[in-house]
Amino acid sequence: MLKRILIANRGEIALRVLRACRELEIETVSVYTKGDREALHTMMADRAVCIGEDAPSCGYLDMDNIIEAAKLTGCDAVHPGFGFLSENARFADKCAENGLVFIGPSGDVISKLGDKAEARKIAKEAGASIVPGSDGPVRTLEDAMSCAEEIGWPVLIKAAAGGGGRGMRIARMPEELGVAFAEAGEEAEKCFADGTLYIEKLIEDPRHIEIQILADREGNVIHLGERNCSIQRRNQKMMEEAPDWTLTASMREAMGRDAVNIAKAAGYENAGTVEFITSGNNYYFIEMNTRLQVEHPVTEMVTGIDIVKEQIRIASGLALTKTQEDIQTKGHAIECRICAEDVFRGYAPDAGDIDFLHLPSGFGVRVESALYSGCRISPFYDSMICKIIAYGDTRLEAIRRMRRALGETIIRGRKTTLPIQHLILYNREFLRGNYDTGFMEKYGAGFLELYEAAGGKE
Amino acid sequence: MKMDQKDIDELIGKFKDSGLGVMEYEEDGFRLRIEKEPAVVFAAPAVQTGANVAMVGAAAPIQMQQAAVSGAGVNGVGAGVAVSDAGVNGAGANGAGANVAGAAVSNAGAEAGAEASAETIDSPIVGVFYQAPAPGEEPFVKEGDRVSKGDVVCVVEAMKVMNEIRASYDCRILKVLAADGGMVEFGSALFEVEKC
């Protein structure tokens, strides 16, 4: 088993990893930037090392400082959390070169799956259905046109190196393709320094369903069921649940099997997530995330499996202790990602001090957060400050529990997305469980209106 | 003025007779570094025989590299000086720290510096702090020394590279705050200094 782990992250996810380490009696080393000297992850670790300034481009992205800190404090592994360096193949390689275990897949696997076109190829070869589209990069407008005519309009032009909705354009008809192709290429070049594009059929307002997998070094791969992450605003997830309420047993089984096969085909190791979109009874592979995900707790709640501990066990070279047959989901879990954002200003980040804080608790409520009364929310990092997870025997109980939990949460000093999430829990379509990624576009303005009418701007 | 072989020979002669241990000269991309053979550790005073001349770019086991920093209390000029000895690998190697003068504050360096609110030279990277270019050699600076802007005051080894840390203004070294051969963090105070 690993003995001392450097956690190359901050905020709630750093604490999440730290807690798993504590329970496994593994020592922890945190890294922090100058502005995070008083952050919880800095103070709670066995040891903390300052690694840089608080600018998006340095600090938590400074590979050399992080690796040097890990070596000099005697760590044997690095947990990257999510975001920052978690899907950086070069960082994974550098850890290995320096004798540190990177808790995640190898650099090779990260780069293979990080290349969207390559990932599609792997999925297709593994027998999974993929969104109809170009098999590989599309270099010229002529190629793009013939490909689009073949798969049918509308089409989505995507950056091979892309993510987060950047380097992505929709063309609904042939006349729109030229501009969309040029813009996507330009944006891809700018954001990812790689203008390579590919084309997919646009599935309008699909549901976003993802499968959590675990893979050990011996090639055993299991999946832990699905999560529905369709409540998104501009491709940013706001709320997730497990299991998905409308998935048929046969779809669930098929998607799980495909996810496992994709992971096997890619030579995957550690925890990962295979993302699909579904439309009716069809489902298509879109990408694989080679890291722990923000919404992993909902899966943990319904399977009883501590995914972070499993990550550490796998990275220690241990085999999975559970087989697919051992995995049973029980009950229902929902997660709300509370962000420090001003919803009336287009969800603009609202950094600054938290004057007073009261987090919810009680039966079936779990909170993942690095907040404390008087802490400061940095303008340099993600605005997600708190995850509230509610578990229930039934979906309705989980919803009622989440309403109760959000109702008792007080985050004074900053504006947050909490009131909007609270309103979602009363939406009829949400209650039926049959919502898609068009949900927020459809109801978002209504929620804002309701919140304003209730005095939200005061 | 560009130096030729004669100038260099002359300089070496003068350097030999001087009390200096190391000398660097830089002009228009030309750079010359002369240093006396390291004194035998623990044998003071150093017996100085002959001189070592290392020209820019000379193949050396470890390349000096200028630390890429912004905002920290250092800003160097020039790069690529060769160091003569590779013995600086691994923490607390040997002898290099003949001169720590009891002021070794290991990890708490940053705090100590901040507390006194004195001027400090801070580490721009995480790494291992060395006061001298190589084990057994004279430290770059000693307490009480005056240094000019751009002078190398120590090296911090990170990722197998020796990073020269330079003074960003003329100052006097009051105290060495970091332990020789010990770990320093980003922003750790290495020296307490006084502007002059």
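Biologist: How are α4(A) and α5(A) oriented to each other, roughly parallel or roughly antiparallel?

Modeller: Bear in mind that this is a predicted model. Helix α4 (residues 89-97) of chain A and helix α5 (residues 107-114) of chain A pack with their axes 8 Å apart, at an angle of about 175°. Angles over 145 degrees count as roughly antiparallel. The two helices, α4(A) and α5(A), are therefore roughly antiparallel.

Biologist: Which residues of α5(A) make the contact?

Modeller: From α4(A), the contact draws on A:Ala89, A:Arg90, A:Ala92 and A:Asp93. By class, the residues of the contact of α4(A) with α5(A) are three nonpolar, three polar and two charged. The α5(A) side consists of A:Gly107, A:Ile110, A:Ser111 and A:Gly114.

Biologist: Which element gives the most to the side of domain 1 of chain A that touches domain 3 of chain A?

Modeller: Domain 1 covers 4-103 and domain 3 covers 207-453 of chain A, and their C-alpha centres lie 23 Å apart. Their contact takes 25 residues from domain 1 and 22 residues from domain 3. On the domain 1 side, α1 (11-23) and α2 (40-44) of chain A give two or more residues each. The most, six residues, comes from α1(A).

Biologist: Which element gives the most to the side of chain A that touches chain B?

Modeller: The contact between the chains takes 12 residues from chain A and 12 residues from chain B. On the chain A side, β3 (47-52) and α3 (63-72) each supply at least two residues. With six residues, the element that gives the most is α3(A).

Definitions and conventions:
Residues numbered from 1 in each chain as written. Chains lettered and ligands numbered in written order. Predicted model: local features only at pLDDT ≥ 70, side-chain atom pairs only at ≥ 80, totals over all residues. Contact = placed C-beta atoms within 7 Å. Helix = DSSP H or I, 4+ residues; strand = E, 2+ residues; numbered from the N terminus. Axes fitted to C-alpha atoms, helices over the stretch in contact; angles between N-to-C directions. Parallel < 35°, antiparallel > 145°, perpendicular 65-115°, else oblique. Nonpolar A, V, L, I, M, F, W, Y, C, P; charged D, E, K, R; others polar. Domains from an automatic or database assignment.
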